[in-house]
Every structure is written in structure tokens, then in C-alpha cells.
Amino acid sequence: MTDHSPLKCLFLLFGLAFAFSMTACAPKVAFIPEPFPAATIADPEEELTPSAQAVLAYLKAQDLARTDDQQSAREALALALDLDPSPFLAMELANSYWREGRNAEARTVLRRSMESFPENQTLPSALVNTYLADDMVEEAIATMDDYLRSHPRDWAMRRSMAALLLQYSRFSQAADVLQVIPESERTAEVLLLLARSNSGLGLVRQTEEFLKQALEQDPNFLEAMAELAFLYESEGDLVQAEETYRHILDLRPDADEILLRMVQVNIKLNQPDKALSFALGQEGRESFILEVALLFIRENLFQEADAVLDTLPDEDGLPEADFYRALVAYDGDNDPEQALFYLGRIPVDHPHYARALSFQGYLLLQLDRHEDARQLAREGQNLFPNMSDFLLLEAEILLGEDETSQASSLLEIARQKWPGDTDVLYRLGFLQEQMDRREDALGTMEEIIVLDPDHAEALNFIGYTLAEEGRDLERALVLIERSLQLKPGSGHIIDSLAWVHFKLGNLDLAWRHIQSAVEIMGDDPVIWEHYGDIAATLGKAAEARKGYRNALRFQPENPDAIQQKLNAL
């Protein structure tokens, strides 16, 4: 039905004019300047219709809003809405409340008008927004659901509801909402939402199919293309991932996120030179270059990281670059002095300064400059009293001087000051183990995994200790396997895995894992001793001798015990 009310016509016409005729919207005057003179509207003796009064009330509300009398403006809008109800006036009144953060009042207006205009889509959409503004997600979803029950073919609202459900990881509900949309009405955007729903449910094949359908409809749909590339990457199909990322770069060569993904994919493909090629030639884009350098550093590709950093000016004024150069100098070039040089260029007022100062402290300790390290630790404690790093550094200095008791006392103080700091707890637990306080150490490590269930080192510590003691071996295995998931390729954790399988009697598994461990960490005497023990139990005498002899080469803490094992063979 067409709305021919004077208020509706007022906003269809150019200018502020209206007619009193009930059968047409044509104005009797071409233009009426503001403010609206009452004498030109009607004779005082003539009674205005409710619709005409609503127009006057609305215009009055506009004038009052311009003078910043919002309360009176809302009263005038409410009067207009009572006189001539319409979705437009309802939205105007609701927006007046919304702008002042009075969302509850806005909802009252919208709900009342939805009863009068059940076919209008704008009102429920606005109501949903007021709920979301107050983080009332369930109410927002319920509003959309109610609307869709009576308007099941409103595909736009279905898209909006699915997008909201996906935002809160309700993948199954989103899929149910979208499945109703017939294939003929599934736009590329709908297909992308269907892909995301299926991805959240772990349905890889269906996800890929919906993304491909979306790209058939819109070959340049970058969002769908990026999701498909990421799907390939996460599934290990790195060649397809690279091809798809490259297609995106053809369309958007300045897409930094995609360039970073290309670098990462080529690192995974063991093509560091190709990865580097995407980073070079990007002069002037400092933040991008720094992100690429960090990717290389994390993968221990220090030569490539250095090449990327060389594209930046080597001068004071780029503290982030100096921090990364310090990492390359230390981890890549084994040059702590050069690392100290770069760290020393980071200014006191820079966000990286605290980390740089802490890093310097450990470098000084490594260089046996204990007094310089101690001075730096005290300086750090004064400058950053809320950080545990510098108190931990002082404890490390004490341990280096064989002041175990003082270090333990300092760590107990740190534990009281920062009860939830897992770095403090881990260092304390490790020291407790060194002091032959194994039960205390286990208790401290258990405390860590309560605070952080994904603390790989603490999980490994508990699992290995339980294996050593031959108790609760099934739990030990679960903890160590979880630790290895968090830190794949760790020689220490693989050694723990071999040892717990050895204790469980799974000798073939133990032998396989211990061989991997010595390949990764061929200079660890404990791992070589385990190698010897497992080989001896399997009757591999030659391999056992190899294990024990290598253990003795690398200065073990128990050389006599290892020699006895070797002699026994």
C-alpha cells in the first residue's frame, strides 16, 4: 500500500512545503522559509488534520534539535509519532535516544513501532544494533530469528543473521540459517558465509567447494580468494596456497598481509631465497620490512633476516630494527658484543627499552661481566618496578656465583610479588629441582599449568619427572605429547617422549624417538645416556656403547655412573 500522508510527501518534495488536501501531495506554495510561520499554514479558526499536526510537530522537533534542546525535540517527535505513526518517525525518535547512548529507550520505541509495521525491515535491524551496542547478543539473535519466522524469504536478513552468528563462532546455527536460501539466490557473499560456517565445523571439502562457487560468481572476490588460499595453507597444500596468494597479489600488489603470507608459505616450502624476493624491493615500507625480518628470525633464517634489515637505514632512529639486528647478531652470528651495541642504541623513552635492557643484562651475564649485569638489574628494578624481568636477572646472577640460597629467597620474593607470573614460577620450580626439592618443584610446575595449560616447558617438566620416578606414566605421556604439539621439533621434549615410552615398555617407539632426539641435540649428555639405556634394553650393544661414550664426551653430571654402564656391557 502506498503512503500518501502529508508527512511522507513532505520528504518526497524538494523544499519544505505541504498541502492540506487529503487527496494529493502537491504544495500550494513553492517554498516556505524557516522558521515555519504559523500564519502561512492555516487560518487560526481552521482545525488541522492529525497528519498536518504531525508535520508541524516534526518541524518543531527539527528546530528544537538545532537549538540543542534534545528533550523537547524528542517530546515533539513522540507527539508526531502518536499523531501519524510511521517507520520514519519511529527511527527518528529512536535515533535521538541512540545518539545519547539511551539504548533502552530506543528499543522501547522500536519494539512498539514493529508491532504497527511488522513488514518493515529497518526497524528490527535498528533494534538488533541497539542490542549489540549493549553486548546483548542473545537478544539480538532472537530479534532476527523472530523476524525470519514471519519473513523466511528475506535473504538479506538471513545474511546478516549468519554473519552475526559467525562472529560468535556459532557455526552450526549459521549454516542452518543459510541453507534455507535457494541456490538461485546464493550470491558470492552468501557462499562465502556458507564456506565460513562449514570451515568452523571442520568440513574442509564443503568449505573449498563453497569458496570455489563464490569465485565462479565473482572471480575477483578477494575475501573468498584469501580464505581459499588460507584453507590450502592450513591443509598443507602449500603449492596451491602460493598460487592463490599470487593471484591475489596480481589484483592487489600492495596487499601487505598477502605478501607476508607469501613469505611464510615459501619459508615452509624451504625456499628462503624465493621468500626473500617478496621482501626485497619494498624500500620505504618500514613496518612491512620489520614484520618480514621477524618472520625470518622466528624460523632461524638469520642471513635472510639480515638481508631484509639491510634495506633499512643503519642509523640511530629505528629502534625496532636495532632490536632485530641485536637478535640476528646474537642468535645468528653468535656475537653478543655486537648485539649489545645495537641494544644500546634503543632510547629510554621507546616501548622496546625495557626488553632491550633485560636482553643486555643476560648478554652481560653470558660475557661474565657480572658486576655490570648486577648494576643493570638494579637499574631495571628502579625504572620498571612492576616487571619481574630484572629481579629474575638478579637471581640468575646469584646462581652464576653459586649463591643458590640467596637466589631461591629472591625468587620466593618474586613469587609473592607476582603470584601469577609463570616466568617467575618456572624459574623457581627449576631451581627447586636443582636443589633436590623435587616435590616442591612438581608443585610449582603444577601451579603453572593451572595458570597456563599450554605452558610447554612446565608440561614437559612434569611429564619427564613423573617418567623418571616411574609413576602416573599415562598422565606423563599425555603431558609430554601436548608439550610436543606446542613445541614441535624440540629435542628435549622428544627425549622426554622417548623416555616415557621406555618406562611404559614401548621399546620400539622409545628407540625411534630417541634417535630423533640425538639428531636434533647431538651434544646433550643426558639424551645420549638415554640412547644408551634404550639400546642396551633392546640388546643393541654396539648402539648402547655409542650412546654411553657420547654421553661421556659432553661432560655429564654423573660420569662415574655412565662409565659403570659402559663397563657392564
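## Close-up views of a predicted helical chain

Of the 569 residues of the protein chain, 46% count as buried, where buried means under 20% relative accessible area, exposed means over 50% and partly exposed lies in between (1.4 Å probe, protein chains only). The model is predicted, so local features need pLDDT of at least 70 and side-chain atom pairs count only at pLDDT 80 or more, while totals for chains, interfaces and linings use all residues. Residues are numbered from 1 along each chain as its sequence is written, and side-chain values use heavy atoms, with hydrogens and water left out.

View 1. Helices (H or I, at least four residues) and strands (E, at least two) are DSSP runs, numbered from the N terminus. Along its principal axes, the C-alpha trace spans about 120 × 55 × 50 Å. Among contacts with a separation of 6 or more, 45% join residues 24 or more positions apart; contact here means heavy atoms within 4.5 Å.

**View 2. Glu138 and Arg170, a salt bridge between a helix and a loop.** A salt bridge is a side-chain nitrogen of Lys or Arg within 4 Å of a carboxyl oxygen of Asp or Glu, and the count by this rule comes to 34. In the pair shown here, the closest N and O atoms of Glu138 and Arg170 are 2.3 Å apart. Glu138 lies in helix 7 (residues 137–150) and Arg170 in the loop between helix 8 (155–167) and helix 9 (171–179), so the pair ties together parts that are 32 residues apart in sequence. Glu138 is partly exposed at 46% relative accessibility, and Arg170 is also partly exposed, at 23%.

View 3. Arg149 is exposed, with 64% relative accessibility, whereas Asp145 is partly exposed at 27%.

**View 4. Glu394 and Arg378, a salt bridge between two helices.** The closest N and O atoms of this pair are 3.3 Å apart. Because Glu394 lies in helix 22 (residues 389–400) and Arg378 in helix 21 (residues 370–383), the pair ties together parts that are 16 residues apart in sequence. Glu394 is buried, with a relative accessible area of 11%, while Arg378 is partly exposed at 42%.

**View 5. A network of salt bridges.** Look here for Glu433, Arg438, Glu439, Glu469 and Arg471, which are linked to one another in this network. As a general point, side chains of opposite charge can pair when their charged atoms come close.

**View 6. His530 and the residues it touches.** His530 is found in helix 30 (residues 525–537). His530 is buried, with a relative accessible area of 4%. Leaving aside residues up to four places away in sequence, His530 touches Tyr464, Asp495, Trp499 and Ile514.
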